[in-house]
Amino acid sequence: MYTNFHFTNLSIGNNNIAFFQKDRNKSLANTKKNIWVKNCQYKWSCKIKILWHLSFRLVKISGSTTVFYNLKTVYTTLNKLFLISKNGIISIQQSYRDGKQIIDYEQIKGNEFIAIQIYRGDFLIEEQYFKGKYLNFQIGTVISVSKLNSKEPSLNIDFTSLKSIYLTLVANKIQLETIEKW
């Protein structure tokens, strides 16, 4: 599934808009992970599609990565999943709590994998290194939208179950116009 963000620019000047996933596991100095940056010209409308699904890649000691593995959606219950390869065995457990997807990884056998990268669609939103044999992600469903290099606060939107969101940039402020649900 996905959410379309329809953006209309009615502000002259720098018009780069960033869509980002807030990282709640890091300090405040490093809270933004860009998902998309869009340059929409004055009086133009642009559309950005943000996918809901998450996937991951395993990072090997050599620095190379594996193929993408899809994670289940927040609405799907999943028992423990095991990835078995010649490089080792990884278990994955997913749950949903307090508006976040909780993803626990355990490296059961082998030590070839040093990190895991989480993607929302094609965009890397998080990377963590194993601490011993364990790793935990807490991925929220809130996308923030802001004008790049602006002191105005960002607009935070829980995009899950929303089909389209219409935004307008007026005088350097992003305004929420209309929301369509699935």
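## A first look at an all-strand chain

Among contacts in the chain between residues at least 6 apart in sequence, 54% join residues at least 24 apart. Welcome to this predicted model, whose secondary structure comes to 16 strands and 0 helices. The chain has 182 residues, and 40% of them count as buried.

- Let us start with an open sheet of 4 strands, which follow one another in the order S7-S8-S9-S12 with antiparallel pairing.
- Its edges are strand S7 (81-85) and strand S12 (134-140), each of which pairs on one side only.
- From one strand to the next, the twist averages 20°.
- S7 is joined to strand S8 (residues 88-97) by 5 bridges, and the two run antiparallel.
- To see this pairing residue by residue, look at isoleucine 84, whose bridge partner in S8 is isoleucine 89.

**The sheet S4-S1-S15-S16**

- Another open sheet has 4 strands in the order S4-S1-S15-S16, and here the pairing is mixed.
- Strand S4 (45-51) and strand S16 (173-181) each have a single partner strand, so one side of each is left without a neighbour in the sheet.
- Direction ignored, neighbouring strands of this sheet are turned by 20° against each other on average.
- Strand S1 (residues 2-9) pairs with S4 over 7 bridges, in the antiparallel sense.
- One place to look is tyrosine 2, which has leucine 51 as its bridge partner in S4.

**The disulfide**

- The structure holds 1 disulfide, formed by cysteine 40 and cysteine 46 with their sulfur atoms 2.3 Å apart.
- The link of cysteine 40 and cysteine 46 is right-handed, with 100° about the S-S bond.
- Are these cysteines buried or exposed? Cysteine 40 is buried, at a relative accessible area of 0%, and cysteine 46 also counts as buried, at 11%.

**Lysine 43 and its backbone**

- Lysine 43 sits in the loop between strand S3 (32-39) and S4.
- Most residues other than glycine have a negative phi.
- Lysine 43 is not a glycine, yet its phi is positive, at about 65°.
- With a relative accessible area of 59%, lysine 43 is over the 50% cut-off, so this residue counts as exposed.

**Aromatic pairs**

- A search of the whole structure finds 6 aromatic pairs.
- One of them is the edge-to-face pair of phenylalanine 5 and phenylalanine 19, at 5.0 Å centre to centre with 65° between the planes.
- This pair links distant parts of the chain, since phenylalanine 5 is in strand S1 and phenylalanine 19, 14 residues apart from it, is in strand S2 (residues 16-22).
- Phenylalanine 5 counts as buried at 0% relative accessibility, and phenylalanine 19 counts as buried at 0% too.
- Tyrosine 105 and phenylalanine 137 have ring centres 5.9 Å apart and planes at 85°, so their pair is edge-to-face.
- Because tyrosine 105 lies in strand S9 (residues 100-109) and phenylalanine 137 in strand S12, the pair ties together parts that are 32 residues apart in sequence.
- Both tyrosine 105 and phenylalanine 137 are buried.
- Which residues do ring pairs link into a cluster? The members are Phe56, Tyr69, Tyr105 and Phe137.

- Phenylalanine 68 is found in the loop between strand S5 (54-60) and strand S6 (69-70).
- At 40% relative accessibility, phenylalanine 68 counts as partly exposed.
- Which residues does phenylalanine 68 touch, not counting those up to four places away in sequence? Phenylalanine 68 touches Ser55, Phe56, Arg57 and Tyr119.
- In sequence, phenylalanine 68 and phenylalanine 56 are 12 residues apart, and in space they are 5.6 Å apart, C-alpha to C-alpha.
- Phenylalanine 56 is also a member of the ring cluster described above.

How values were computed. Residues are numbered from 1 along each chain as its sequence is written. This is a predicted model: local features need pLDDT of at least 70, side-chain atom pairs count only at pLDDT 80 or more; totals for chains, interfaces and linings use all residues. Side-chain values use heavy atoms; hydrogens and water are left out. Two strands pair if DSSP finds at least two bridges between them. Axes are lines fitted to C-alpha atoms, for helices over the stretch in contact, and angles run from 0 to 180 degrees between N-to-C directions. Buried means under 20% relative accessible area, exposed over 50%, partly exposed in between (1.4 Å probe, protein chains only). Contact means heavy atoms within 4.5 Å. A disulfide is a pair of cysteine sulfur atoms within 2.5 Å. Rings of Phe, Tyr and Trp (its six-membered ring) pair if their centres lie within 6.5 Å; planes under 30 degrees apart count as stacked, over 60 as edge-to-face and the rest as tilted.
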